[in-house]
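Let's take a walk through this structure together. Have a look at it first, and then we'll go through it piece by piece.

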Amino acid sequence: MKINKNVNALDRIQKGDSQGAVLEALGPPDLRKDIGSSRSIFYYQTKSGTSNQETVTTGLCTPVAFENGLVVAVGEDLEAAWTREEAVRLEQVEAAERRRREAEMNAAARRKVEQERLDKIAALEKKVRPVPASNAALNLKLYRQLLALDPDNARYQKKVAFYEARLVQQQKAREAQAARNLEKKHRQAWEQSREQRNKRLRTYTGNGIAEMAVHDMGPGSLYVWVKNVSAQVITTHPDHFILLDNQGNRVECTISNSLDSVLQPGAISHGKIEYNESVFPGELIFRNREAGRISKTF
C-alpha cells in the first residue's frame with residue numbers, strides 16, 4: 001500500500017514544486033541525502049525488495065532532487081554529479097579561504113613593515129632634531145637614512161641636498177685652512193732662513209761683465225745691486241729685471257727708477273724691487289744686450 005501510494009503521489013510531482021509540497025504529498029522520505037547547503041535528494045520506495053530484504057536502499061526508490069527548496073528532477077538520481085560538483089565547490093572554497101588567509105597574512109606583514117618604517121622614521125627624526133646645522137656630516141647621514149625610508153618626502157630631499165652642499169663647503173674650508181696653515185708654516189720657515197739666505201745672496205756673482213747681489217728685506221721686498229766689472233760701459237733699466245716665483249712663474253713687480261742707470265766700469269746701480277708679499281721668490285734675472293744674463297736663486 002505504501003509503495004502504491006508513493007508511485008501515485010510521485011506522478012503528480014513536477015519540477016518547481018516546493019519541498020514542503022512534496023513532504024505534504026508523500027511524507028518524510030525513506031532515505032535522504034543532503035549535498036552541500038542548498039541541495040537535497042529525497043528517496044521514496046517505489047519497488048519491492050526480496051522477501052528477506054529488510055532495509056530500504058536507493059535502488060528500490062525513486063529520487064526527488066531539490067535545489068534551494070524546489071524540485072529540479074524526479075526519477076533522476078543526481079547524487080553522483082552533485083557530489084562531484086560539491087567536491088569541486090569545496091575545493092574552490094578552500095582555495096579561496098587559503099587565498100584570503102594569505103592575503104590577510106600579507107596585509108598584516110605589510111602593516112608590520114610599514115609600522116617598522118614609521119617607527120624608524122620617528123626614531124631618526126628624534127635623533128636628528130638636536131644635531132646642530134654645523135655638523136653637516138651627521139645631518140647628511142641621518143637625512144639620507146630618512147630619505148631612503150621615505151624617498152618622495154620633499155623635506156628630506158631638500159635637507160640632503162642642503163647638507164651635501166654644506167659638506168662640500170666645509171671640506172673646501174678645511175682644505176683652504178690647511179693650505180693657509182701650510183703657507184704660514186712655509187712662510188715661517190722661509191723667514192727663519194732669511195738671514196742665512198742673505199749671506200749667500202749679498203755676495204756678488206755674475207758673468208765677468210756684470211755681477212749682482214740681492215738682499216731679501218722680508219715679504220714682498222728685495223734690494224738689488226748690479227756692478228759693472230767689465231772695462232766697457234753697460235746700462236741697467238727696470239725692464240732688464242725679471243722675478244720668478246718658486247714655481248717658475250713670472251711675478252708682477254714694482255722696480256725702483258734708481259735701477260735706470262748707465263754704469264761706467266766699476267760703477268754700481270742699486271734699488272728696490274717690490275712684489276706681492278704672498279710670493280716666494282725663486283729667481284731674480286738681470287739681462288740685457290751689453291751685460292748678457294746673470295741671476296740670483298733663492
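This is a predicted model: local features need pLDDT of at least 70, side-chain atom pairs count only at pLDDT 80 or more; totals for chains, interfaces and linings use all residues.

Residues are numbered from 1 along each chain as its sequence is written, and side-chain values use heavy atoms, with hydrogens and water left out.

Let's begin with the sheet. It is an open one of 4 strands, in the order β1-β2-β3-β4, with antiparallel pairing; strands here are DSSP runs of E, at least two residues long, helices are runs of H or I of at least four, and both are numbered from the N terminus. Two strands count as paired if DSSP finds at least two bridges between them. β1 (31-35) and β4 (70-74) stand at the edges with a single partner strand each, so one side of each has no neighbour in the sheet. Between β3 (residues 61-67) and β4 there are 4 bridges, and A65 has A73 in β4 as its bridge partner. Helix α1 (residues 2-11) packs on this sheet, touching β2 (39-45), β3 and β4, where contact means heavy atoms within 4.5 Å. Helix α3 (residues 79-128) packs on the sheet too, touching β1, β2, β3 and β4.

Now for the cores. A nonpolar core is a set of buried Ala, Val, Leu, Ile, Met, Phe, Trp, Tyr and Cys residues joined through side-chain atoms within 4.5 Å. Buried means under 20% relative accessible area, exposed over 50%, and partly exposed in between, using a 1.4 Å probe and protein chains only. The largest core has 24 residues, and M212 and F241 have the most contacts inside it. A second, separate core of 12 residues includes L124, A136, V160 and Y163.

F286 sits in strand β13 (residues 281-288) and is buried, at 0% relative accessible area. Its contacts beyond four places in sequence include M212, F241 and I294.

Next comes helix α6 (residues 194-201), with R197, N198 and L201 buried. They lie on the same side of α6 because they cover an arc of only 100° around the axis, taken from the directions from the helix axis to the C-beta atoms. The face turned away carries the exposed E195, Q196 and K199.

Finally, the cysteines. C61 is buried at 9% relative accessibility, whereas C253 is partly exposed at 27%. The disulfide count is 0, a disulfide being a pair of cysteine sulfur atoms within 2.5 Å.

Definitions and conventions: Axes are lines fitted to C-alpha atoms, for helices over the stretch in contact, and angles run from 0 to 180 degrees between N-to-C directions.
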